[in-house]
Amino acid sequence: MTEILDTVDTAFRLDIALIHYPVINKKQELIGSAVTNLDLHDIARAGKTFGVGTYWVVTPYEQQQELAADIAGHWTDGYGGTVNPDRAEALSIIRIRANLDQVIAEISKQ
């Protein structure tokens with residue numbers, strides 16, 4: 001992974017966000033979608049590989065926030081990180097917020 005990171009242009013910062021609300025479903029209804037394990041792992045690993053600064057997971061639902069935090073925490077602070085340090089490094093870029101306005105405010109401060 002380090003070889004790829006060494007080639008990433010660090011002249012700018014790129015953050016990404018996966019927005020779980022508001023989402024429009026196939027019936028054109030406004031809904032909130034569920035956070036999945038794959039959302040967290042796959043996007044964080046790709047993001048870390050290609051130099052993403054922060055991967056924002058955005059959901060207003062407290063239970064979904066807790067689930068995402070539990071999964072990420074297992075790999076960054078828990079047992080998972082001790083057996084798979086590369087995954088711990090990748091998931092360390094995850095930040096969980098309730099809405100996009102919070103994300104924009106935090107990025108603006110940086």
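Reader: Where is Gln28?

Author: Gln28 lies in the loop between S2 and strand S3 (30-31). Helices (H or I, at least four residues) and strands (E, at least two) are DSSP runs, numbered from the N terminus. This is a predicted model, in which local features need pLDDT of at least 70 and side-chain atom pairs count only at pLDDT 80 or more, while totals for chains, interfaces and linings use all residues. Residues are numbered from 1 along each chain as its sequence is written, and side-chain values use heavy atoms, with hydrogens and water left out.

Reader: OK. Why does Gln28 count as exposed?

Author: Because its relative accessibility is 62%. Exposed means over 50% relative accessible area, buried under 20%, and partly exposed in between (1.4 Å probe, protein chains only).

Reader: And what is the phi of Gln28?

Author: It is near 65 degrees, which is a positive value in a residue other than glycine. Most residues other than glycine have a negative phi, and most peptide bonds are trans.

Reader: Which peptide bond is cis, then?

Author: The one from Tyr21 to Pro22, with omega near 0 degrees. Pro22 is in the loop between strand S1 (14-19) and strand S2 (23-24).

Reader: Changing topic. How many helices and strands are in the chain?

Author: The chain has six helices and five strands. From the N terminus on, they run α-β-β-β-α-β-α-α-α-β-α.

Reader: Which residues of the largest nonpolar core touch the most other members?

Author: Leu40, Tyr55, Val57, Leu91 and Ile94 do, out of 15 residues in that core. At least two core residues each come from helix H2 (37-49), strand S4 (52-58), helix H3 (62-76), helix H5 (85-91) and strand S5 (94-97). H3 gives the largest share, four residues. A nonpolar core here is a set of buried Ala, Val, Leu, Ile, Met, Phe, Trp, Tyr and Cys residues joined through side-chain atoms within 4.5 Å.

Reader: What is Tyr55 in contact with?

Author: Leaving aside neighbours within four places in sequence, its contacts (heavy atoms within 4.5 Å) include Ile16, Leu18, Leu40, Ile43 and Ile94. Asp39 and Arg95 are also among them.

Reader: You mentioned S5. Which residues are on its covered face?

Author: Ile94 and Ile96 are on the covered face, and Arg95 and Arg97 are on the uncovered one. In a regular strand the side chains alternate between the two faces of the sheet.

Reader: In which sense do S4 and S5 pair?

Author: They pair in the parallel sense, over four bridges. Strands pair if DSSP finds at least two bridges between them. Val57 stands opposite Ile96 in S5.

Reader: Back to H3. Is Ile71 buried or exposed?

Author: Ile71, in helix H3, is buried, because its relative accessible area is 17%. Leaving aside neighbours within four places in sequence, Ile71 is in contact with Asn37, Leu40, His41 and Leu91.

Reader: How far apart are Ile71 and Asn37?

Author: They are 34 residues apart in sequence and 7.3 Å apart in space, C-alpha to C-alpha.

Reader: What about Gln64, buried or exposed?

Author: Gln64 is also in helix H3, and it is buried, with a relative accessible area of 18%. Beyond neighbours within four places in sequence, Gln64 is in contact with Ser33, Ala34, Val35 and Thr59.

Reader: Last one. What percentage of the chain do buried residues make up?

Author: They make up 30% of the 110 residues.
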